[in-house]
Amino acid sequence: MIEIHAFDTQEAQSEALARAVGDALRAALGGPARPTLAVSGGTSPRPFLQTLSHAALDWAGVDVTLVDDRWVPEDDAASNAHLVRDTLLQHAAAPARFLPLVDTSTALDAHVAALNANADYRVPTVAVLGMGEDGHTASIFADAPEWDHAIATPERFVAVHPGAAPHARVSFSLDALKRVDRLFLLIAGSRKRDVLDAAAATLQKNAISHLANDKGTKLDVYWCAK
């Protein structure tokens, strides 16, 4: 199930999403476990992440991780961890504990197994997804050989080798995303809105369609027209 929140400007979209994520984290901070916030990389989330970095909440009690990352060193321009450190983990959010998904000093499959065995890497309390024009979200790509595993496994993390996109990936599985307490999607432009609408209308072979058509999953979509 999806709910669309539409905005005319990226600034309004970023501010509204930052408020919603901040409110969800504040509510979770009163619970028995440390809340985990998982965010996406790429260029679209940058203004939102910068806005959220100023949110007034107890960031020292929050874990921050990623919904996915490319299997590259953190100093690589393609690293989502690098983006998060430069944008979100600044200002008020600097005290948050960061849990990166990548360690290229180890083998990919062994590292993913270690993540699945690590209790610190929980299913996120709050997650902010992005979406590609092929309908992938996180790094659950329909053209990857791991597609069937990624959408069916009860494990939290999967290794993914996209067919058309560069770099191997580490990603939360579809099952893990379905278990997130507050799940948000940040997108912009008419093309991505069309992709989302089609994915929600009937089940397709892409990750966002599987989320949008799951009756137990509530997906809050923050969409900017431009």
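Which residue forms a salt bridge with lysine 218? In this predicted model, the partner is glutamate 3, and the closest N and O atoms are 3.4 Å apart.

## A link between distant parts of the chain

The two residues of this pair lie 215 residues apart: lysine 218 is in the loop between helix 8 (207-212) and strand 10, whereas glutamate 3 belongs to strand 1. Lysine 218 has a relative accessible area of 34% and is partly exposed. Glutamate 3, at 36% relative accessibility, also counts as partly exposed.

## Further salt bridges

The structure holds 13 salt bridges. One of them joins arginine 85 to glutamate 74, with the closest N and O atoms 2.2 Å apart. Arginine 85 sits in helix 3 (residues 80-87), and glutamate 74 in the loop between strand 4 (68-70) and helix 3. Arginine 85 is partly exposed at 36% relative accessible area, as is glutamate 74 at 31%.

Aspartate 175 and arginine 179 meet in a salt bridge through their side chains, at 2.9 Å from N to O. Salt bridges with shared partners also join Arg34, Asp63, Arg97, Asp120 and Arg122 into one network.

## Helix 1 and its surroundings

Helix 1 comprises 20 residues (10-29) and reaches 28 Å from its first C-alpha to its last, close to the 28 Å expected. Its buried residues include Ala16, Leu17, Ala20, Val21, Ala24, Leu25 and Ala28. An α-helix has 3.6 residues a turn, so residues three or four places apart point the same way.

The buried residues of helix 1 pack against several elements, among them strand 1 (2-7), helix 2 (46-52) and strand 10 (219-224).

Note on methods. Residues numbered from 1 in each chain as written. Predicted model: local features only at pLDDT ≥ 70, side-chain atom pairs only at ≥ 80, totals over all residues. Heavy atoms only, no water. Helix = DSSP H or I, 4+ residues; strand = E, 2+ residues; numbered from the N terminus. Expected span 1.5 Å × (residues − 1). Buried < 20%, exposed > 50% of the residue type's maximum accessible area, 1.4 Å probe, protein only. Contact = heavy atoms within 4.5 Å. Salt bridge = Lys/Arg side-chain N within 4 Å of Asp/Glu carboxyl O.
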